[in-house]
Amino acid sequence: MLTGDAPHAATSAGPIPMPSAVPPQRPNDTRPGDRNPNDTAAPGDGLGEVSGSLSAPGFLSSGDDAADAGDAAQNRGAQNRGAQHKSGAQHEATQGQLFETDPPPWELAVEEDVAVASVVFRDAPYGPYDYRIPAEMRDQLHPGMRVHVPLGRRKRPTVGWCIETKIGSQSGKSLSDVAEILDDAPLCDRPLVRLVTWMSHYYQSPAGQVFDALIPSSVRASAGTRERTYLTPAPSTADESVVDALPKKQQRALRLLITAGKPMTASQLMVHAECTAAPINALRKKGLLSEDTRREMATSMPVRWQTSDGEKTEAHELTDDQSLALQRITAALDAAAAKTLLLHGVTGSGKTEVYIRAIEHVVKFGRAAIVLVPEISLTPQTRGRFERRFASVAVLHSQMTPAERHFQWQRIRRGEVQVVVGPRSAVFAPLPRLGLIILDEEHDGSFKQDSQPRYHARKVAYARAQSLKIPLLLGSATPSLESWHATQSGHAELISMPSRVGNRPMPDVQLVDLRIKDERSRGGAISRQLHLAVNETLRENGQVILLLNRRGFATTIQCPSCGHVVACPDCEMPLTHHRDGGKAVCHYCDYTIATPPWCPECRFDGIRYGGLGTQKLEVEVKARFPDARVARMDSDTMRRPGSHQKVLSAFRSGELDLLLGTQMIAKGLDFPNVLLVGVINADAALHFPDFRAGERTFQLVTQVAGRTGRGNRGGRVIVQTFSPEHMAIQAASRHDYLQFANAEIANRRKFNYPPLGSVARIIIRGTVEDVTEATANSLLLRLESARERLGAEVRLLGPAPPPIAKLRGKYRFHLLLQSLDPLQLGATIRMATKTFKIPEKDDVQYVIDIDPMDML
Ligand SMILES: Nc1ncnc2c1ncn2[C@@H]1O[C@H](COP(=O)(O)OP(=O)(O)OP(=O)(O)O)[C@@H](O)[C@H]1O
Ligand SMILES: [Zn+2]
């Protein structure tokens, strides 16, 4: 979400126009296939099929809800799909075949045949292109390895990824040769290579770039390793007379190496034989030593993190809800089926304990699990909960050094790890015997990557689980509508845990209507009720959490005389005033200036800071409650590694009374002494021009409310809002997920928004505004003609300037595509962009975002 904790409501821009009716497109007799035989992104046989079958069930990508939507056009879509895709059982079978490991093709080969490698590249041209595999490399080259190959007319040596090895025909003789193999072993196994090609196809992102997302750069660069050369006696030394004929020192060194019976480096041998380098070099020259160079970790990695914030974790005796949930999960595990399960458990229902038990079941059978969590949840608390229950856990997080990351990756790949816990990229963890994937807080926005490849970890996890025939477990107190809808349409199994551990009641939520003047406090952000409640809580030695989802001090800097708003020259967004350091900062690009003392337009002395950020709230809190020990948690105060942990353990141990901050404090925290949660402005995200605004607001309020009432002392919540009657806020105040989900699904159905239909977005950006717009328009024309040629039912909207119309000095336009069928959507874009070239002088780029999570 760019650089801000919460992007500012872009008040100047209106909502993206979304006409309410889908213009009916005449369906063609021939339904568009989703793949093009020449398509670079779907190389090889059947890979296009894979993408088809993975998205066909519509789960998380929507697309087959047509049947329950009921109108004629939609039913037509359903029939089409019926014809295209096989029924459940058949479908399973196809998928099984697709994911089976093929035998190495040359086992079946006839002699004249040529071994060929398909290679993809990071930069254009992306490939895949075929290369001949020289005979001596045949046994060494496998998919998932990097190679050096000549590329282009000038035969420029280029690094590429091998995605397939196969037998080519005689014409293969004209192919260039693979020049060099760069890896000793594949960096990913075949199912992962297939995942790459699927992602490349589905997200329309070059496979070479997907590999880069999959394999950490630290692994590609062998961070923290060095090359060492090991010596062993050469075969000729088996002849005693050869050894006997050597000078004394050489003899001694060689005999030592022979009796050692294991390889040694030259320096090890020097120590053992108490000699200098000279005799060893002499032996080398005589060919009496075999050398073997290997790359290995420079040192064993120190474990740098502290595994606890002071919480004690023992195994709990399961509640009835937990036992039932666990039974359903273990049944899926035992059935070895690619089943998706949604664990909908209210806040504090003990979902983590269920995950741990499920993983114990997996580990018992020698398999391993991945647990994906939002980055923000990678607190010592989460770590501790897993690390204390399993012998071998790898926690991946953003503050690891490259060497640590590489070290963990190697451990994981060697099969030494039972559980990998990490943010979205951990979905690619190369566990050799993966048995279960879990997404905790599966609704969280951080699972979507906002740079190429713009994948969603839930969808990728789904694809990986399907291909390996293992269960995928999604957990949340506020499931995404995508996952919820999947349970309603039979694509996922719903497991509910409707009550809290120990039958603790859900906290009482009180709404404060900020429209009523008396409710607001004069000049401050804290209402009278909230003020009283904080005081009362502090008197009882309880702890308080206050949520304000906007960082900084003041969110606008405006001149009261001429109305000028100080804005970023590159993004045209209002700058946020940060009191520490007296800075004005752009939350989109981090552009920073000293806060202007007077109006830069009219020189009026008395510029005003409007709006409210966490820094200002902190000042107010300290003034109102001078005796309280207060800490602020937002991305400004949490920059340094370990700062999170420090504040949280101080809060747990009771050294702090009040924690205020952005959404960082809303998630996952489990502190029994929090008796009061205050939400300063629940509507902050409600009026965004985004169809998910209501969903985000519901999730945020429900999640932060869930931080209280987790101990024996109860808890309550005060939510300040200008829209107390809004459905999302009403439902959150009653902890009523079902009411929210049903109402929201009905809303989305009106416009076929996800999860009922699929959306894609193309962002076009450039340095000159009208050139950029013209490019967007010509892309639109191509999309229209592709739609026509494919007979695809796709709605096209735009081009229009998005709410962030300028970013980092570039003008932006976007096009939105909507369809009930993700395959038609993908095919239309693929066809339209296939040969779309923008002249270099225009300086315009475009990015495709499939299933976008924001519209900014
Ligand atoms: N069976 C049990 N008996 C007693 N305590 C339990 C049991 N299961 C879990 N707990 C405790 O209940 C608390 C809440 O559990 P947990 O944090 O897993 O909830 P959660 O469902 O993940 O909530 P949230 O969605 O709010 O993060 C924890 O302190 C946990 O140790
Ligand atoms: Zn900016």
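This is a tutorial dialogue on reading features of a predicted model.

User: Let us start with the overall layout. Which domains does the assignment give?

Analyst: Five are listed. Domain 1 is 1-38 + 67-100 + 757-856, domain 2 is 105-215, and domain 3 is 225-297. Domain 4 is 320-497, and domain 5 is 503-552 + 613-751.

User: How do I read a contact between two domains? Take domain 2 and domain 4.

Analyst: An interface is often described by the accessible area lost when the parts come together. Here we have residue contacts instead. 14 residues of domain 2 contact 11 residues of domain 4. The C-alpha centres of domain 2 and domain 4 are 31 Å apart.

User: Which elements give two or more residues to the side of domain 2 that touches domain 4?

Analyst: They are α5 (190-203) and α6 (207-214). The largest share, seven residues, is from α5. By class, that side of domain 2 has 10 nonpolar, two polar and two charged residues.

User: Now the ligand. How many residues surround ligand 1, and which are the closest?

Analyst: The shell has 18 residues. H316, T347, G350, K351 and T352 are the closest. Helix α13 (residues 351-364) gives the largest share, three residues. The classes are three nonpolar, 11 polar and four charged. Domain 4 (320-497) and domain 5 (503-552 + 613-751) each supply at least three residues to the shell.

User: How do I read the sides of a helix?

Analyst: An α-helix has 3.6 residues a turn, so residues three or four places apart point the same way. Now take helix α20 (residues 643-652). Its buried residues are V647, L648, F651 and R652. These cover an arc of only 135° around the axis, so they sit on the same side of α20.

User: What do the buried residues of α20 pack against?

Analyst: They pack against α14 (380-387), β17 (543-547), β23 (630-633) and β24 (658-661). Just after α20 comes G654, with a positive phi of about 85°.

User: Which residues are buried in helix α11?

Analyst: In α11 (residues 277-285), P279, I280 and L283 are buried. Their arc around the axis is only 100°, which puts them on the same side of α11. A277, A278 and K285 are exposed on the other side of α11. G287 follows α11 and has a positive phi, near 75°.

User: Next, annotated sites. Where does UniProt place the feature "binding site"?

Analyst: One set, from an unreviewed UniProt entry, is C559, C562, C599 and C602. They are spread over 44 residues of sequence but cluster in space, with a largest C-alpha distance of 8.5 Å. The "binding site" annotation of the unreviewed entry also covers C568, C571, C586 and C589.

User: Is C562 buried or exposed?

Analyst: C562 counts as exposed, because it has 11 C-beta neighbours inside 10 Å. C562 lies in the loop between β18 (556-558) and β19 (576-578). Leaving out residues up to four places away in sequence, C562 touches C599, E601, C602 and F604.

User: And C599, buried or exposed?

Analyst: C599 counts as buried, because it has 21 C-beta neighbours inside 10 Å. Its loop runs between β21 and β22 (608-610). Beyond neighbours within four places in sequence, C599 contacts C559, S561, C562, H564, F604 and I607.

User: What about C586: buried or exposed?

Analyst: C586 is buried, because 24 other C-beta atoms lie within 10 Å. C586 is in the loop between β20 (583-585) and β21 (592-594).

User: Last, backbone geometry. What should I expect?

Analyst: Most residues other than glycine have a negative phi, and most peptide bonds are trans. Now look at the exceptions. N541 is not a glycine, yet its phi is positive, about 60°. N541 lies in the loop between α18 (528-539) and β17. R808, also not a glycine, has a positive phi of about 45°. R808 is in the loop between β29 (806-807) and β30 (810-819).

User: Which peptide bonds are cis?

Analyst: Among them is the bond from A124 to P125, with omega near -5°. P125 lies in the loop between β1 (114-120) and β2 (129-132). Another cis bond joins G798 and P799, with omega about 5°. P799 lies in strand β28 (residues 795-800).

Notes. Residues numbered from 1 in each chain as written. Chains lettered and ligands numbered in written order. Predicted model: local features only at pLDDT ≥ 70, side-chain atom pairs only at ≥ 80, totals over all residues. Buried ≥ 20, exposed ≤ 12 C-beta atoms within 10 Å, placed from the backbone. Helix = DSSP H or I, 4+ residues; strand = E, 2+ residues; numbered from the N terminus. Arc of directions from axis to C-beta. Contact = placed C-beta atoms within 7 Å. UniProt positions renumbered as here; feature names shortened; annotations may be inferred. Near = placed C-beta within 6 Å. Nonpolar A, V, L, I, M, F, W, Y, C, P; charged D, E, K, R; others polar. Domains from an automatic or database assignment.
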